[in-house]
Amino acid sequence: MNSFRSSRTCGCIVALACCQTIAEAQPVAYPAKGQSAQQQQQDQTACASWAKSNTGVDPAAVAATPPPPTGPAVGGGERVGGAARGAAGGAVVGAIAGDAGKGAAVGAAAGTMAGGSRARQNKRNAQASAQAQSQSAMGTYNQAYSACMSGRGYTMQ
C-alpha cells in the first residue's frame with residue numbers, strides 16, 4: 001500500500017513538473033476587460049509578433065533548434081590526443097621497465113579511454129549550455145509577450 005502511495009505521489013510530482021515547464025514555455029492570457037475570443041486571438045498574434053521583433057527571439061526557431069552534434073566525429077580529437085599522450089607516457093614507463101613497446105600500447109589504450117571520457121563530458125556541457133541558452137531566450141520572449149498582453153488588458157499567468 002505504501003509503495004502504491006509513493007509511486008502515485010511521484011507521478012503527481014512529475015505531472016506538476018511537466019505542467020510547470022509547459023506554463024513557463026507559453027504564458028496564458030485571461031481576458032480581464034471582457035475581450036472576446038476573437039479579440040484575444042488578434043491581441044495574441046499582435047503581441048507574439050511584437051515580442052519576436054523586440055527580443056529577436058522566435059519561439060518556433062528555439063523549439064526547432066537541433067541538439068549539439070553527436071556521434072563518432074564528436075570527441076575524436078580528444079580520443080586521439082588522449083591516445084598520443086598515453087602512448088608517450090607508457091613508452092617512458094615501459095622503457096624504464098625494459099619494454100617500451102608494451103608500455104606504449106598500454107598507455108595508448110588508457111589514454112584513448114580518458115579522451116573518450118573527456119569527449120562525453122564536453123558533450124554533456126554543450127547540451128547543458130544549449131538548453132540554458134534556449135531557456136534564457138524563451139524567458140526574454142515570454143516577458144515581452146506578457147508585457148504586451150498586460151498592456152492590452154489581460155491577466156497573465
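Reader: Before anything else, what counts as a helix here?
Author: A helix is a DSSP run of H or I with at least four residues, numbered from the N terminus. This is a predicted model, and Asp-43 has its place in helix 2.
Reader: Is Asp-43 buried or exposed?
Author: Buried means under 20% relative accessible area. Asp-43 has 5% relative accessibility, so it counts as buried.
Reader: What does Asp-43 touch?
Author: Leaving out residues up to four places away in sequence, Asp-43 touches Met-149, Arg-152 and Tyr-154.
Reader: Which residues of helix 2 are buried?
Author: Gln-40, Asp-43, Cys-47 and Ala-51 are buried in helix 2. They cover an arc of only 65 degrees around the axis, so they lie on the same side of helix 2.
Reader: Why would residues spaced like that point the same way?
Author: An α-helix has 3.6 residues a turn, so residues three or four places apart point the same way.
Reader: And what is exposed on the other side of helix 2?
Author: Gln-38 and Ser-53 are exposed there.
Reader: Other topic. How many disulfides does a search of the whole structure find?
Author: One. The disulfide joins Cys-47 to Cys-148, with S to S at 2.1 Å. Cys-47 is in helix 2 and Cys-148 in helix 5 (residues 100-151), 101 residues apart, and the pair links distant parts of the chain.
Reader: Are Cys-47 and Cys-148 buried or exposed?
Author: Cys-47 and Cys-148 are both buried.
Reader: Is the disulfide left-handed or right-handed?
Author: The torsion about the S-S bond is about -70 degrees, so the disulfide is left-handed.
Reader: Back to helix 2: what follows it?
Author: Gly-56, whose phi is positive, near 75 degrees.

Note on methods. Residues are numbered from 1 along each chain as its sequence is written. This is a predicted model: local features need pLDDT of at least 70, side-chain atom pairs count only at pLDDT 80 or more; totals for chains, interfaces and linings use all residues. Side-chain values use heavy atoms; hydrogens and water are left out. Buried means under 20% relative accessible area, exposed over 50%, partly exposed in between (1.4 Å probe, protein chains only). Helices (H or I, at least four residues) and strands (E, at least two) are DSSP runs, numbered from the N terminus. The arc is that of the directions from the helix axis to the C-beta atoms. Contact means heavy atoms within 4.5 Å. A disulfide is a pair of cysteine sulfur atoms within 2.5 Å.
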